Amino acid sequence: MRTRALVHLASLNLRSDRRGALVNAGAACVGAAALVFFVALGLGVGQAARRMFASDARLLEVVPAAVSLGGALGGGLLDDSAVERLRSLPGVAGAYRRLSLRVPVASSRPPEGVKVNWPPGFTVQLPVVGVDPDLLQGDVARGRRFEDPPPGRPIPVLASRRLLEVYNKTIAPAWNLRRLPPGFDLVGLEFPVRVGFSIIPLKTEDKVYDANLVLVGLSDRVPLYSLAVPLATVRRLHAEYGKADPGYTGVTLEARRPDDVPSLAEAVRRMGFGVDEGDRALGERVGLAVAVTAGALALLALLMTGLAALAIAQSLSASVRGRTREIAILEALGATAADVRSLVLAEAGLVGLSGGLLGVGMAFGLSLLADRVGLRYLPDFPFRPETFFAFPPWLFALGVAVSTGAALVGALAPAALAARVDPARSVS
Amino acid sequence: MISLSGIHKRFSDGEEDHVVLDALDLQVREGEFVAVVGASGSGKSTLLYVVGGLDGDFSGEAKVAGQDLRALDPQGRAAFRNTAVGFVFQSFNLLPALPAVENVMLPGLFVPRGRRAAPLHELRKNALAALSQVGLAEKAARLPAHLSGGERQRVAIARALLSRPALLLADEPTGNLDAKSGESVIALFVELVSRGMTVLVVTHEERLSTRAGRVLHLEGGRLR
């Protein structure tokens with residue numbers, strides 16, 4: 001039997017049993033809709049989590065061990081020789097030193113040229129970390145330089161790319177500061193600061209002087225609540241204030257491939273150093289939680305699809321038993337057992353296909369509704385997405401394919417039953 | 001056209017075997033109109049199903065329209081039913097959900113592999129021509145429920161003619177029809193025979209058997 005003839009006859013049969021076809025398509029539709037909805041939700045929330053906890057999968061933060069036997073086992077202090085040993089580990093593409101500035105830096109005035117409703121007397125202590133420039137070079141804005149400046153020149157800094165979002169959604173509302181407009185270009189802003197000044201009086205240095213910081217770029221490689229300056233600047237300031245540099249605060253290792261990171265972390269721990277999981281671990285935990293939840297819901301949806309397949313099997317079996325004579329007539333007219341089997345499968349396939357298309361559409365519609373409800377009732381928070389759903393094209397195909405597949409699986413037994421009809425016994 | 005020799009057919013009702021056809025012989029030439037008459041339960045329909053390739057579970061030799069039915073597998077028998085014979089049943093056996101024209105199109109949907117399958121629009125055209133041949137072109141869109149008994153049987157005949165078979169097999173074709181409708185169906189058979197078609201009818205109705213060129217009696221599983 002040719003495909004067009006098969007589809008034609010299957011459509012005619014479905015039209016003649018509209019009620020059964022609608023019930024079966026409804027079952028397939030619910031399964032497909034649930035599957036697509038939950039998978040889209042998982043993908044969407046996962047994407048939002050990745051934006052929220054952006055991290056480079058190839059980076060590993062090495063810190064001195066919390067408890068260490070020191071250099072006796074080769075661990076403990078993160079000095080230059082330790083950095084060299086870390087750099088020579090297999091799979092390491094680069095090792096970048098980090099050194100926290102131990103000289104306090106505070107800002108009592110807003111950045112030049114930006115009105116942010118700065119409260120009188122308001123002072124912000126700025127955590128500053130010195131970083132090997134090579135780590136951040138890719139994020140430095142065109143025409144800007146990230147290197148220790150000559151005396152009197154503004155100190156270049158890089159901030160976290162997420163800072164604007166966090167400022168607008170958390171800091172500004174909490175301190176009644178003016179929010180910065182979307183797309184606002186922070187690069188080039190100069191921040192007047194007081195070097196050596198701390199909001200904790202005992203920590204203020206004897207020498208305090210005014211300086212300017214200039215933002216030269218935004219980077220996901222900078223911790224959210226820190227400003228990154230060139231490592232040389234931190235060394236210079238430490239020397240200026242007589243602070244010793246016994247070792248680095250941390251070393252960022254760049255692995256050649258993301259897959260190398262776990263083995264690198266293991267090697268680092270064996271060397272006696274610690275690994276700061278930080279944002280990456282949080283991101284991974286959130287991602288895992290989202291994946292597990294979405295997976296469980298998708299499994300539930302698959303179960304629903306399985307139940308739909310069972311319902312279709314039962315309904316089609318009853319339909320086949322009720323159409324024994326019609327099937328015998330078709331056989332008398334030349335249909336083979338394979339034609340009859342194909343006909344029942346085609347009917348199920350059409351039901352599954354239409355149910356799947358309807359289900360995918362329903363899932364998309366429900367997602368739009370859920371987004372509207374979410375945007376209306378959920379509080380504004382950093383990185384709140386415009387949509388909690390992601391619909392890659394393959395998901396639409398998956399919904400329709402699973403629905404059609406479930407219907408076909410459900411139709412296997414009824415199709416076999418139909419193919420066993422003996423025309424000589426049933427035709428009259 | 002039909003050559004049956006020593007056909008045995010029996011079936012079991014679970015307790016005992018019943019012989020339906022017992023060493024039956026039958027020869028029918030091309031263009032002949034043969035009626036097989038017999039009492040109810042004498043095996044007339046079984047004989048028709050054997051000749052038409054609906055029932056392959058028999059012993060003996062059966063050659064119909066040049067085909068050795070014993071040598072055919074189920075697919076071969078299906079192809080034989082589709083191309084070599086046309087069936088007409090007492091209860092019409094139209095699919096109730098399909099309009100007359102779609103019912104007539106049905107055999108064209110099961111064209112065996114290796115043969116040209118007409119596209120649907122061509123099939124519909126052929127079905128309308130077949131309906132026109134039996135005088136029902138204007139009722140092509142009607143469902144069987146909206147046709148009279150005689151009209152339904154003529155739709156069934158149009159369906160049997162769609163594949164242009166050489167042999168028409170009819171099982172009590174006038175059994176459910178009133179006198180007038182039955183007469184029109186008989187006249188149609190006579191016309192088909194006059195055009196060279198072979199018709200084998202099983203019936204217990206005299207009005208039909210008297211119009212056949214030859215009448216055979218089935219009794220005790222054999223033809224007389």
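Predicted model: local features only at pLDDT ≥ 70, side-chain atom pairs only at ≥ 80, totals over all residues.
For helix 4 (residues 120–133) of chain B and helix 5 (residues 149–161) of chain B, the angle is about 130° and the axes are 9 Å apart. Because angles over 145 degrees count as roughly antiparallel and those from 65 to 115 as roughly perpendicular, helix 4 of chain B is oblique to helix 5 of chain B. On the side of helix 4 of chain B, the contact is made by B:A130, B:L131 and B:Q133, and on the side of helix 5 of chain B by B:V155, B:A158 and B:L161. When these residues are sorted by class, five are nonpolar, one is polar and none is charged.

Helix 5 of chain B also packs against helix 6 (residues 179–194) of chain B, where the axes come within 9 Å and cross at roughly 20°. Since angles under 35 degrees count as roughly parallel, helix 5 of chain B is roughly parallel to helix 6 of chain B, and it passes helix 6 of chain B in a right-handed crossing. Here B:G149, B:G150, B:Q153, B:R154 and B:I157 of helix 5 of chain B meet B:S181, B:S184, B:V185 and B:L188 of helix 6 of chain B. The residues of this contact divide into three nonpolar, five polar and one charged.

Of its 224 residues, 50% are buried. If one takes the contacts in chain B between residues at least 6 apart in sequence, 72% of them join residues at least 24 apart.

How many residues of chain B are in contact with chain A? There are 25 of them, and they are in contact with 23 residues of chain A. On the side of chain B that touches chain A, helix 1 (44–51), helix 2 (74–83) and helix 3 (100–109) of chain B each supply at least two residues, and the largest share, six residues, comes from helix 2 of chain B. Sorted by class, this side of chain B has 16 nonpolar, five polar and four charged residues.

Turning to chain A, the reader will find twelve helices and eleven strands. Buried residues make up 38% of its 428 residues, and among its contacts with a separation of 6 or more, 84% are between residues 24 or more positions apart. One pair of helices to look at in chain A is helix 2 and helix 10 (residues 337–377), which pack at an angle of about 45° with their axes 6 Å apart. That angle makes helix 2 of chain A oblique to helix 10 of chain A, and the crossing of helix 2 of chain A with helix 10 of chain A is right-handed. The residues of their contact divide into 16 nonpolar, nine polar and no charged.

The cores come next. The largest nonpolar core has 142 residues, and of these A:I312 and B:L131 touch the most other members. Helix 2 (residues 18–52) of chain A gives the most to this core, with 18 residues. A second, separate core of 43 residues includes A:L60, A:V195, A:V216 and A:V261. As for A:I312, if residues up to four places away in sequence are not counted, those it touches include A:N24, A:A27, A:A28, A:A348 and A:V351, as well as A:A407, A:G410 and A:A411. B:L131, for its part, is one of the residues through which helix 4 of chain B makes its contact with helix 5 of chain B.

A last stop is A:P192, which lies in strand 7 (residues 190–195) of chain A. Is A:P192 buried, exposed or partly exposed? It has 15 other C-beta atoms within 10 Å and is therefore partly exposed, because a residue is buried with 20 or more such atoms and exposed with 12 or fewer. Although A:P192 and A:N212 are 20 residues apart along the chain, their C-alpha atoms are separated by 4.6 Å. Leaving aside neighbours within four places in sequence, A:P192 is in contact with A:S107, A:R109, A:D210 and A:N212.

Key. Residues numbered from 1 in each chain as written. Chains lettered and ligands numbered in written order. Core = buried A, V, L, I, M, F, W, Y, C linked by C-beta atoms within 7 Å. Helix = DSSP H or I, 4+ residues; strand = E, 2+ residues; numbered from the N terminus. Contact = placed C-beta atoms within 7 Å. Nonpolar A, V, L, I, M, F, W, Y, C, P; charged D, E, K, R; others polar. Axes fitted to C-alpha atoms, helices over the stretch in contact; angles between N-to-C directions. Left-handed = near helix turned anticlockwise from the far one by under 90°.
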